[in-house]
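Good morning, everyone. Please look at the screen, and let's walk through this one together.

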There are 4 protein chains.
Amino acid sequence: MAEEKKNLGEMINTFDMAAGEALGKRESHTPKIEAPKAVKADETFEVRISVQNHPNKMEHSIRWIEVYFREDGRPFNPIMLARIDFTPTYSEPEAKLKVKLSKSGSILAMEYCNVHGLWSAKEVIKVE
Amino acid sequence: MAEEKKNLGEMINTFDMAAGEALGKRESHTPKIEAPKAVKADETFEVRISVQNHPNKMEHSIRWIEVYFREDGRPFNPIMLARIDFTPTYSEPEAKLKVKLSKSGSILAMEYCNVHGLWSAKEVIKVE
Amino acid sequence: MAEEKKNLGEMINTFDMAAGEALGKRESHTPKIEAPKAVKADETFEVRISVQNHPNKMEHSIRWIEVYFREDGRPFNPIMLARIDFTPTYSEPEAKLKVKLSKSGSILAMEYCNVHGLWSAKEVIKVE
Amino acid sequence: MAEEKKNLGEMINTFDMAAGEALGKRESHTPKIEAPKAVKADETFEVRISVQNHPNKMEHSIRWIEVYFREDGRPFNPIMLARIDFTPTYSEPEAKLKVKLSKSGSILAMEYCNVHGLWSAKEVIKVE
């Protein structure tokens with residue numbers, strides 16, 4: 001697609017979409033979402049969101065991560081769950097959060113690298 | 001596409017993508033980007049970003065707008081330009097910003113409505 | 001006061017508190033709040049918040065501005081009105097916002113410079 | 001002090017400053033900072049920042065927490081370490097972060113409750 005026709009959504013890389021890039025670049029930009037496969041409705045659980053093995057310098061770092069939830073059957077998705085701003089050299093692009101859901105769906109994370117743009121990932125989660 | 005296979009980028013609505021929705025909903029969620037068609041390199045200009053005719057209540061509002069730039073020829077886009085958080089009832093989802101660019105490209109805006117999710121728009125801008 | 005006894009509130013500089021610093025440093029860090037002296041209740045008006053004559057480089061810039069409102073007679077203040085993140089070199093630390101108030105009070109702004117910390121200012125506003 | 005003369009820093013509550021308020025209100029608004037008493041220079045460690053026993057509803061919640069560092073001997077403090085936005089009912093006001101320091105000082109946290117304003121706390125940390 002011509003670059004200038006691209007919408008923002010079409011610029012958000014995923015590990016699969018960026019198949020033409022070096023593996024190291026794909027691995028060091030794709031957010032990692034660690035959550036239970038299944039949780040109980042309306043009970044708090046921990047989610048770890050991180051970007052691993054990426055430089056953390058002022059001129060090149062993961063500036064922030066946003067965390068969303070796509071809820072099964074909701075007319076419009078996603079729901080924002082949290083957003084974390086990081087400071088190069090002082091804080092690593094990683095956070096453990098406490099989340100509570102009432103329906104099944106997917107947790108999604110998007111990170112912004114000031115050199116390599118926006119990258120997202122997702123994990124299905126079952127609510128029982 | 002099956003909902004659970006969707007990446008975050010595929011959930012970001014645009015006026016055209018949401019063609020099946022009521023016109024009022026599409027119009028009241030699509031960010032409006034007002035910028036000059038052409039600007040001089042490295043000279044500051046004003047951009048107005050807004051979402052118009054949307055409710056502004058605690059239970060339903062535009063929570064924030066992010067502003068990005070897709071620079072022609074840059075290997076990875078976009079570059080984040082600014083982000084504005086709003087407070088329901090007190091602040092309208094609108095901001096005039098001062099921006100400086102050195103190459104042509106597109107200004108992109110994405111807003112988050114806590115009920116209707118993520119919506120984006122774009123405007124081409126020529127840098128001379 | 002011993003540095004290690006200081007609370008966060010005691011680290012937020014104002015033009016007056018920083019009287020021992022060079023005038024240029026105080027002027028280039030104090031947020032400027034431009035709003036009408038008096039507005040009508042529940043009518044939208046424009047506020048310009050800026051930090052002027054400050055460097056705008058990756059290694060030294062105004063990273064963000066937060067805007068608050070202290071409402072006369074409210075048991076707990078302030079109310080957050082908006083927050084703007086800026087990107088060094090691309091966006092200037094300035095925003096014009098649309099705000100709506102129902103009681104008199106003060107608009108307050110706080111900016112964060114990654115080298116010189118937190119600085120705040122305030123302007124009284126009358127709601128009629 | 002007359003309310004309208006107050007600077008933003010003078011509106012940031014601490015557990016001690018708010019001594020006239022009900023104990024429950026003070027306890028449910030003061031950020032809790034859990035970090036090692038001593039860490040090694042330039043080695044990553046975990047900090048848990050939370051606000052406990054506070055309502056988490058759309059009309060009353062901890063909207064965000066900012067985390068700062070006051071570094072001993074730095075001419076201007078603080079340094080921002082991270083900022084976390086939360087979503088009422090979905091995410092609890094709590095995050096575990098990974099931080100790296102090179103000098104001793106204090107970790108500070110400030111939270112914003114949309115009903116009860118700004119509250120801060122601090123913990124001294126020794127870097128060896």
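**Strands, sheets and a two-fold pair**

Let's start in chain C. Strand β3 (residues 45–50) of chain C and strand β6 (residues 91–99) of chain C run antiparallel, and six bridges join them. A word of background: strands of a sheet pair through backbone hydrogen bonds, either parallel or antiparallel. One more thing before we move on: this is a predicted model.

Now widen the view. In what order do the six strands of the open sheet come? Read across: β1(B)-β3(B)-β6(B)-β6(C)-β3(C)-β1(C). The pairing in this sheet is antiparallel. At the edges stand β1 (32–34) of chain B and β1 (32–34) of chain C. Each has a single partner strand, so one side of each is left without a neighbour in the sheet. Neighbouring strands here are turned by 20 degrees against each other on average, direction ignored.

Next, chain A. Is strand β7 (residues 105–113) of chain A mostly covered or mostly open? Mostly covered: nine of its nine residues are buried. Look at what pairs with β7(A). Strand β4 (residues 62–71) of chain A pairs with β7(A) over nine bridges, in the antiparallel sense. There, A:V67 has A:A109 of β7(A) as its bridge partner. Strand β8 (residues 117–127) of chain A also pairs with β7(A), antiparallel, over nine bridges. In that pairing, A:Y112 stands opposite A:L118 in β8(A). The link from β7(A) to β8(A) is a hairpin of three residues.

Last stop: chains C and D. Turn chain D by 180 degrees, shift it 0.0 Å along the axis, and it can be laid on chain C with an RMSD of 0.0 Å. The two copies are thus related as by a two-fold rotation axis. Which C-alpha of chain D is nearest the axis? That of D:G9, 1.9 Å from the axis. The same surface serves both copies, too: 100% of the contact residues of chain D recur in chain C.

How many residues does each chain bring to the contact? Chain D gives 28 residues, and chain C gives 28 residues. On the side of chain D that touches chain C, β4 (62–71), β7 (105–113) and β8 (117–127) of chain D each supply at least two residues. β8(D) gives the most, with five residues. By class, that side of chain D has 13 nonpolar, eight polar and seven charged residues.

That's the tour. Questions, please.

Notes:
Residues numbered from 1 in each chain as written. Chains lettered and ligands numbered in written order. Predicted model: local features only at pLDDT ≥ 70, side-chain atom pairs only at ≥ 80, totals over all residues. Least-squares fit on C-alpha atoms with pLDDT ≥ 70 in both. Contact = placed C-beta atoms within 7 Å. Helix = DSSP H or I, 4+ residues; strand = E, 2+ residues; numbered from the N terminus. Nonpolar A, V, L, I, M, F, W, Y, C, P; charged D, E, K, R; others polar. Buried ≥ 20, exposed ≤ 12 C-beta atoms within 10 Å, placed from the backbone. Pairing = 2+ DSSP bridges. Axes fitted to C-alpha atoms, helices over the stretch in contact; angles between N-to-C directions.
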